[in-house]
Amino acid sequence: MKVARFSIDGADPRYGILDGDDFVVLSGDPMFSGFGTTGQRVAASDVKLLAPVIPRSKVVCIGLNYAAHRDELKNELASPTAPLIFLKPNTAVVGPGDTIQIPPVEGRIVHEGELVIVIGKIAKRVKAADYADVVFGYTIGNDVSARDQMFADGQWARAKGYDTFAPLGPVIETELDWSNLEIQTYVDGEPRRSGNTRDMLHTVPEIIEYVSDVFTLLPGDVIMTGTPAGLGGFLDGQTIDITIEGIGTLSNPAKNRV
Ligand code: MG
């Protein structure tokens, strides 16, 4: 099922399950309190979608997880054999339709459309074979990056951590086979990046085993699983759309920060 977080008439965020053209409104946060319903239905066209989750503790990201993307950066970065982990602060998260604010920095701002794992249970040293026990579902993320700052700084906290650099959404799909999904990224409708999750170097079960050996993952934490190939940036006034089959399209306009 597709789970969304939204606001009705500017009220506090609620969760709902998509049912046809409506959301069935849930009584709490399904990552913490299950799928109890309020009995209320609301037309999907009448809500403002929000980021489907605000991670309680962290946005974990996997770098260089597609061979073709690793190869296009091979002159600038070493190629690790184990998953490369980095973090974004949860303050970088924004929702569908929210503006990506481009900071006044030198160099390229690039999009990275990625499959995102949403964690549903406390996860500590989870074996790959047991990965499904701790997954709530999957959404779409844009691992926005100030590409030239990555190289200038030698680490990625600044380049990846600006406010608005982690759009998530539009929904969390709780029943999805992650292993063969097309990921496509467009800027103003022009195709930029495309790939398929079957080409991940480290699979979802392997990522969960590796990451949960390092950090305890909490319900609502997310893991961005890496971008396919196709370098490209975006500029003030452009719109970035990322489509993953089975989930939907995450769309965000970009504007220079004022
Ligand atoms: Mg990335």
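A salt bridge is counted here where a side-chain nitrogen of Lys or Arg lies within 4 Å of a carboxyl oxygen of Asp or Glu. The model is predicted, and local features need pLDDT of at least 70, side-chain atom pairs count only at pLDDT 80 or more, and totals for chains, interfaces and linings use all residues. Residues are numbered from 1 along each chain as its sequence is written, and side-chain values use heavy atoms, with hydrogens and water left out.

By that criterion the side chains of Lys88 and Asp143 form a salt bridge, at 2.7 Å from N to O. Lys88 belongs to strand β7 and Asp143 to the loop between β12 and β13 (145–146), so that the pair links distant parts of the chain, 55 residues apart; strands (E, at least two residues) and helices (H or I, at least four) are DSSP runs, numbered from the N terminus. Both Lys88 and Asp143 are buried, where buried means under 20% relative accessible area, exposed over 50%, and partly exposed in between (1.4 Å probe, protein chains only). Through shared partners, salt bridges join Lys88, Glu112, Asp143, Arg147 and Lys160 into one network.

Asp143 also takes part in the metal site, where Glu112 (OE), Glu114 (OE) and Asp143 (OD) coordinate the magnesium ion at 2.0 to 2.1 Å. Donors are N, O and S atoms within 2.8 Å of the metal (3.2 Å for Na, K and Ca), and water is not among the atoms, so sites may look incomplete. The spacing of the donor residues along the sequence is E-x1-E-x28-D, and Glu112 and Glu114 are both buried.

Turning to helix α5 (residues 204–214), the buried residues are Val204, Pro205, Ile207, Ile208, Val211 and Ser212. They lie on the same side of α5 because they cover an arc of only 155° around the axis, the arc being that of the directions from the helix axis to the C-beta atoms. Among the elements that cover these buried residues are β6 (59–63), β7 (84–88), β11 (113–119), β12 (135–142) and β17 (222–224), with contact taken as heavy atoms within 4.5 Å.

At the level of domains, the protein is divided into domain 1 (2–49) and domain 2 (59–256), with bounds that come from an automatic or database domain assignment. The C-alpha centres of domain 1 and domain 2 lie 25 Å apart, and the contact takes nine residues from domain 1 and 15 residues from domain 2. Between them the domains bury about 960 Å², 66% of it on carbon and sulfur atoms; buried area is the accessible area (1.4 Å probe) that two parts lose on being put together, summed over both. On the domain 1 side, Lys2, Val3 and Met31 lose the most area to domain 2, together 60% of what that side buries.

The structure holds 12 salt bridges, and two salt bridges are counted between domain 1 and domain 2. Lys2 pairs with Glu173 at 3.1 Å, N to O; Lys2 lies in strand β1 (residues 2–7) and Glu173 in strand β14 (residues 166–173), so this pair ties together parts that are 171 residues apart in sequence. Lys2 is partly exposed at 25% relative accessibility, whereas Glu173 is buried at 7%.

Asp98 forms a salt bridge with Lys48, with the closest N and O atoms 3.1 Å apart. Lys48, in strand β5 (residues 48–50), is partly exposed with a relative accessible area of 41%, and Asp98 is likewise partly exposed, at 25%. Leaving aside residues up to four places away in sequence, Lys48 touches Arg5, Phe6, Ser7, Pro96 and Asp98.
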